[in-house]
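This note is meant for a colleague who is opening the structure for the first time. Please read the numbered points with the sequence and the model side by side.

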Amino acid sequence: MEERVLIVGKEKSYLLGTGKVYDTKYGKADLRKVKIGQRIKVGKAVFSVLKPSTLDLLLHCKRGPQVILPKDAAAIVSITGAGTDWKVIDSGGGSGWLSIFLSMQGCSVTSYERDKGFFEIANKNAEFCGVKIKFVNKDFSKAKGKVDLVTLDLENPDRFIKKAFSLLKTGGWVAVYCLHAETLGKVWAALEKAGFSGIKGLENIQKEWQYGYGKSRPKTWSMAHTGFLVFGRKV
Ligand SMILES: C[S@@+](CC[C@H](N)C(=O)[O-])C[C@H]1O[C@@H](n2cnc3c(N)ncnc32)[C@H](O)[C@@H]1O
């Protein structure tokens, strides 16, 4: 039976199905009789055949609308402590990337996405990653429940802060992803008005370095800005 494997070389990796021969820039990758843990030669290069992790699968998922990348999703986890058995409402579901990341941490996620096309992309991505998420094809204003964390990545998030407050248990968190500083300001004011505590804003920049040959320094090109994150806690 065909199995999905990640073949990882020194510079590049490929997510592929077993049972076939593939053309790569290094030469032919023959995956007809490979086993997990084996090393194979592709042209002159050596690749290890690995079982992909959920994160490996997520990084190969389809992008419909712009996604929250794992580095920002991880910052949400590091600030709120979201993990096993946390109940989360995520909106808008978009491509499902944040929902999938939170589900990977053990959270039980319900995701509200109003656009049917994006709702379907998110569903397919979750299935591809093998995680269970309850996707609801409705506007966030229709969300129900009492949860530990509400995550918002949608237009005009300041309009939904009061609703987020009403969905949270005491001690629960809201995390809002904002592309622009103007949105951050409006969200901050809405958080104060709704009665949130411990309001915090952050930008999570990661700089990748190159090392060696007397040329160790940050890489010339890296992602300069993704978004701002704003947090508040209901106490
Ligand atoms: C940038 S995307 C979210 C991406 C998502 N966080 C991810 O990681 O894949 C924003 C989404 O919010 C949805 N959206 C906007 N307003 C909404 C609302 N009021 N209720 C539900 N979804 C909404 C849009 O259709 C869009 O798919």
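What percentage of the 235 residues in the chain is buried?

1. Overall burial. The model under review is predicted. Buried residues account for 46% of the 235 residues in the chain. A residue counts as buried when its relative accessible area is under 20%.

2. Dimensions and surface. Along the principal axes, the C-alpha atoms occupy a box of roughly 60 × 50 × 30 Å. The accessible surface of the chain is about 13400 Å², and carbon and sulfur atoms contribute 52% of that surface.

3. Secondary structure and contacts. The chain contains six helices and 15 strands. Of the contacts between residues at least 6 apart in sequence, 58% link residues at least 24 apart.

4. Charges. The chain carries 39 positive and 22 negative charges.

5. Pairing of β1 and β6. Within that sheet, strand β1 (residues 4-8) runs antiparallel to strand β6 (residues 45-50), and three bridges join them. Ile7 stands opposite Val49 in β6.

6. A cis peptide bond. The backbone calls for attention at a few places. Most residues other than glycine have a negative phi, and most peptide bonds are trans. The bond from Ser91 to Gly92, however, is cis, with omega near -10°. Gly92 is located in the loop between β7 (87-91) and α3 (97-104).

7. Positive phi at Asp85. In the loop between α2 (70-80) and β7, Asp85 has a phi near 70°, a positive value in a residue other than glycine. Is Asp85 buried or exposed? Its relative accessibility is 64%, so Asp85 counts as exposed, the cut-off for that class being over 50%.

8. Positive phi at Asn156. Asn156 is also a residue other than glycine with a positive phi, here near 45°. The loop that holds Asn156 runs between β10 (147-152) and α5 (161-167). With a relative accessible area of 40%, Asn156 is partly exposed.

Key
Residues numbered from 1 in each chain as written. Predicted model: local features only at pLDDT ≥ 70, side-chain atom pairs only at ≥ 80, totals over all residues. Heavy atoms only, no water. Helix = DSSP H or I, 4+ residues; strand = E, 2+ residues; numbered from the N terminus. Buried < 20%, exposed > 50% of the residue type's maximum accessible area, 1.4 Å probe, protein only. Contact = heavy atoms within 4.5 Å. Areas by Shrake-Rupley, 256 points an atom, 1.4 Å probe, with all protein chains shown as cover. Lys, Arg positive; Asp, Glu negative; His and termini not counted. Charge placed at Lys NZ, Arg CZ, Asp CG, Glu CD. Pairing = 2+ DSSP bridges.
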